[in-house]
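Please review the following briefing together with the sequence and the structure. The points are grouped by topic.

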Amino acid sequence: MEKKNGKGCRSFFKKIGASFQSKGFRSGAYATVISILVIVAVIIVNLIVSALDIRKDLTVDGNKSLTGETEELLSGLEDDLTFYFLMKEGQSLSWLDPSFEMYIDLYQKESKKINFETVDLLLNPKFAEQYTDETVIQYSIIVVNENTKKSKYISSEDMVLTKMTMDTSTFQYKTEVTGLDIEGQINAAIRYVTSGQQTNLYAVTGHGELELGTEGMNLLRKANIEYNTFEIMTADSVPEDCDVLYIAVPSTDYTEAELKVLESYADRGGDFLICAVYQEGMDNFNRLLAKYGVEVENGIVVEGDSKRHHPDSALALFPIVGTSHEITAGLTGSSYLPMPNSYVLTQPDQDNKNLTITTLLSTSEKAFLKSVQNGQIVMTKEEGDPEGPFDIGVYVKNTDTDSEAVILSNGFVFYDNYLMIDSYANAGLLTGSINYMSEVESVSAIRTISFESEEMLAITASEANAIAVMFVIVIPVLLMVAGIVTMVRRRNR
């Protein structure tokens with residue numbers, strides 16, 4: 001029995017020893033060693049990344065990092081800038097603090113020219129008086145150029161996007177925060193204190209002209225464009241400091257005296273940004289357009305190319321953006337530039353050699369023109385309907401006077417909902433037109449951070465149809481075929 005037990009023990013230990021030499025053990029040991037090495041490598045990489053403070057923004061919209069335009073702006077800084085963040089000790093907004101801290105951190109890391117300091121308004125109530133005459137509020141920022149001592153105050157009200165909503169239970173209106181616009185406002189302040197460039201836009205009022213909305217005003221501020229109103233009914237001339245005069249779809253015609261004011265401004269080299277649609281009884285306004293060789297045709301454009309209009313309507317155009325002019329050349333990378341209910345711009349006087357006219361926006365060859373009858377439009381093409389392509393946006397220069405004009409045959413092109421969508425080029429068209437004519441370096445629109453999940457549809461009709469075909473037909477058919485093939489294979493086994 002003892003011998004057997006001895007043999008059994010030796011056999012047991014031989015099996016154990018053999019197991020360490022087996023192929024399975026070697027494979028398992030190899031996998032274990034590799035796993036340990038990978039874990040060690042991950043730990044080391046994390047320690048290095050943490051020590052160097054290396055970060056990667058994995059958000060879809062890149063909202064946790066600075067835009068390329070901001071990085072380019074900061075890389076060119078030569079002066080030292082100080083950001084004074086105004087706050088009150090013990091008071092905070094939990095949803096706002098992290099965003100401010102994130103941007104302040106990003107700006108300081110991107111440029112050594114930027115220094116950040118916190119100012120307690122309770123301890124230093126008069127601190128801001130040396131930089132601004134405005135009444136400052138908490139969570140605002142003052143950007144100061146330490147070399148020139150030029151400063152810019154950014155109110156937190158400009159950095160926080162809001163809208164008015166009504167409580168259906170109480171029927172009371174309240175302000176709802178919809179997003180943040182920190183990066184764009186800071187960039188505008190940096191440009192202001194480092195370059196001092198200020199463009200003056202005057203909007204003509206008094207004849208029912210359309211006004212820019214909140215987003216439009218905010219966009220101009222970020223581009224350092226000062227928005228002013230021009231009461232033409234009581235004025236003898238356009239202000240001397242006007243860089244661009246904005247006329248947006250007047251509903252009543254200008255008088256002879258008012259037309260002379262506008263023509264005088266044009267004759268001395270003044271520039272215009274004009275949104276025009278066809279209206280009866282607008283003879284004097286049409287004479288101003290004719291001065292730039294342009295006329296608005298009586299009829300609405302219907303786009304026959306499904307790639308060039310919104311899925312819901314052939315009247316909601318996505319025009320072809322021209323590449324032959326600097327104003328629109330930089331917009332071609334943007335997906336869409338919606339212009340619903342557009343008219344056609346024609347050039348009746350082809351012999352005026354003083355005018356250089358360049359197409360900025362146009363329709364496809366499949367577009368056609370329809371007249372409006374009693375407020376109704378027949379959407380199908382009929383015999384005799386004028387065919388495209390049509391111009392719906394042009395740039396004009398008078399070589400004798402150096403007067404320039406951007407004329408758009410649409411009243412909704414600068415509608416707030418179009419200006420706030422990143423994939424739309426309407427914002428770039430607005431600031432680009434003004435900056436080009438005022439000879440200021442163009443600044444593209446910096447995105448805002450939206451707290452609202454709902455976004456506008458930004459696809460064409462053809463893309464919508466393709467998506468529908470993919471999900472309704474192609475994918476179900478592929479799944480069905482895959483199921484049949486699997487079933488046949490199992491039966492043949």
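Leaving aside its neighbours within four places in sequence, which residues is Gly393 in contact with? They are Leu345, Thr358, Thr359, Leu360, Leu361, Ile407 and Leu408, where contact means heavy atoms within 4.5 Å. This is a predicted model, in which local features need pLDDT of at least 70, side-chain atom pairs count only at pLDDT 80 or more, and totals for chains, interfaces and linings use all residues. Residues are numbered from 1 along each chain as its sequence is written, and side-chain values use heavy atoms, leaving out hydrogens and water.

- Gly393 belongs to strand β19 (residues 391–398); strands (E, at least two residues) and helices (H or I, at least four) are DSSP runs numbered from the N terminus.
- Gly393 is buried, at a relative accessible area of 0% (buried: under 20%; exposed: over 50%; partly exposed in between; 1.4 Å probe, protein chains only).
- A distance of 6.3 Å separates the C-alpha atoms of Gly393 and Ser409, which lie 16 residues apart along the chain.

**The sheet of 4 strands**
- The strand order in this open sheet is β2-β1-β3-β4, with mixed pairing; strands pair if DSSP finds at least two bridges between them.
- β2 (114–120) and β4 (151–154) stand at the edges with a single partner strand each, so one side of each has no neighbour in the sheet.
- Strand β1 (residues 81–87) pairs with β2 in the parallel sense over 7 bridges, and Phe83 has Phe116 in β2 as its bridge partner.

**Helix α7**
- In helix α7 (residues 214–222), the buried residues are Glu215, Gly216, Asn218, Leu219, Leu220 and Lys222.
- Asn224 follows α7 and has a positive phi, near 55 degrees.
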